[in-house]
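Please read the following briefing alongside the sequence and the model.

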Amino acid sequence: MKTESKLQQILDSGQFAVTAEIGPPKHSSAEGIRHHAHMLKDYVDATNITDNQTAIVRLSSIAAGVHILDCGIEPIVQMTCRDRNRIAMQSDLMGAYSLGMRNVLCLSGDHQKFGNHPTSKNVYDVDSMQLIQLLRRMRDEKMFFSGEEIKEHEPRFFIGAVANPFADPFEFRVARLEKKVEAGAEFIQTQCIFDMERFERFMEMVRERGIDERVHILAGVTPLKGWRAAKYIQTSVSGMIVPEEMVQRLKNAEDPKKEGVEICIEQIKYIKENVKGVHGVHIMAIAWEEVVPEIVERCGLYPRPKAN
Amino acid sequence: MIIAQQKPVKDIAEMINDCQKVLFVGCAGCVTVCLAGGEKETEVLASSLRIMRKLEEKPLETVTFTATRQCDPEYIVALDNLVDGVDAIVSLACGVGVQYLAERFKDKWVVPALDTKFIGGSTVHGVWEEKCGLCGDCVLHRTGGICPIIRCSKSILNGPCGGSQYGKCEISKDVDCAWQLIYDRMTALGKLDKLMEIQPPKDWTKSRDGGPRKAVREDVMID
């Protein structure tokens, strides 16, 4: 199904896509979002807008999407299953579409325990798999999730989902990715890759099942600012793997930030050249959006293709 | 106590469709009291399935046993010499019992015969009602002994909402408005002023939202 998504056009034409991420602020001003959007504008095909990431209350992903669209970037609205039931999800999806959003990324969402309202309830009325189905039903069957007809103007999103090759059980991660494709996901963004060997084993299994021919996979990468960040992710973040060599390399570096960028560039080049089945890269420069243009340029991914 | 109800027999039959010999395990705890999974129900279910399968010309061999409690691993040890040669175990306990059986008998297909509904009590013989939401942080001292967490359809802590009319909840004329009941009781007790305190948002970490719960009493632990 062709949507109005530019990201879809680029991916479907076989070009290596580049997406980045903007995290909305913990206040009501869009100045920072707009600043980052202007900075990234010519260097990425679309930008994710996180949805209250790590369960910290932030400016709404859909509202932030309006701002970055206004700055000339196509947003990928993230939607987690933690905070909305199926009524709110469908309502927000229609609202987002009416405001010009064309891409949605479906996620479970981090548990509220990690955020700034740890005593809150979580919703999980539908899970990320079912959210993909919900989007498909609205778009392809012109029905609300309940089966009631959407008489006109159904939202027609390009539907994304995530995969984490670094969580367990490892083999089942590939099967679950396939399940997401069966549910209707059209593009996949992976969790940040630090352990390249594991990612390659993951992609090998993906190719064995032919999943890469059914969905666009964008490899997630994150430039690290220093060894402490690497160590923290290695020891304290569930579902992420950072090899010890990477921690040491950052520790021994004269300029750790520069080294973090170098590592990220090496990874992207390596993935693009060597890992078959990857159709793009998703750069998650967490609270470091300004480094994205340099990375894109030095990876030979600039200028970005023009979508029609 | 836990209130459970038996699933339709055809659903249970479907779960063990490809089995020749099945062990049916009842529980003498809550599900005996609510007439869902005691010794009697276990025998009746096993024989219903035997008859059903005989009519289908696919005879079913059954073994039955009722444990003192399935929610206590020591009482399911007795099943060790009953599971040999069975293709599946059907548990007539609440979800706790099903899981303890599955944990103990790792190579057996364990299926539930009941739907675990709620915790509550019985008003008259044959009627059970939900009374506690298992929120982990009891508020009954603030609401006149009437639970707003489970008896109010919206779990509102500062009710009633605008859907309360003639003492009933907006979802059904068969459902009492918990906040009407709370109001009436607090009025009768002369404690209406207590309802003027704005109840703060609840700490849901003590409920299921905080993840699976565990209660530990070191003072009574044996090892």
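Axes here are lines fitted to C-alpha atoms, for helices over the stretch in contact, and angles run from 0 to 180 degrees between N-to-C directions. This is a predicted model, in which local features need pLDDT of at least 70 and side-chain atom pairs count only at pLDDT 80 or more, while totals for chains, interfaces and linings use all residues. Residues are numbered from 1 along each chain as its sequence is written, and chains are lettered from A and ligands numbered from 1 in the order in which they are written.

**Helices α4 and α5 of chain A**

- Helix α4 (residues 86-98) of chain A and helix α5 (residues 128-140) of chain A have axes that come within 11 Å and cross at roughly 50 degrees; helices are DSSP runs of H or I with at least four residues, strands are runs of E with at least two, and both are numbered from the N terminus.
- α4(A) and α5(A) are therefore oblique to each other, given that angles under 35 degrees count as roughly parallel, over 145 as roughly antiparallel, 65 to 115 as roughly perpendicular and the rest as oblique.
- The crossing of α4(A) and α5(A) is right-handed, a crossing being right-handed if the near helix is turned clockwise from the far one by less than a right angle, and left-handed if anticlockwise.
- From α4(A), A:Arg86, A:Met89, A:Gln90 and A:Leu93 meet A:Leu131, A:Leu134, A:Leu135 and A:Met138 of α5(A), where contact requires C-beta atoms, placed from the backbone, within 7 Å.

**Helices α8 and α9 of chain A**

- The axes of helix α8 (residues 227-236) of chain A and helix α9 (residues 244-252) of chain A come within 8 Å and cross at roughly 160 degrees.
- α8(A) and α9(A) are therefore roughly antiparallel to each other, and their crossing is left-handed.
- On the α8(A) side the contact is made by A:Trp227, A:Ala230, A:Lys231 and A:Gln234, and on the α9(A) side by A:Met246, A:Val247, A:Leu250 and A:Lys251.

**Chain B as a whole**

- The secondary structure of chain B comprises six helices and nine strands.
- The C-alpha trace of chain B spans about 65 × 50 × 25 Å along its principal axes.

**Contact between the chains**

- Five residues from chain A and four residues from chain B take part in the contact.

How values were computed: Two residues are in contact if their C-beta atoms, placed from the backbone, lie within 7 Å.
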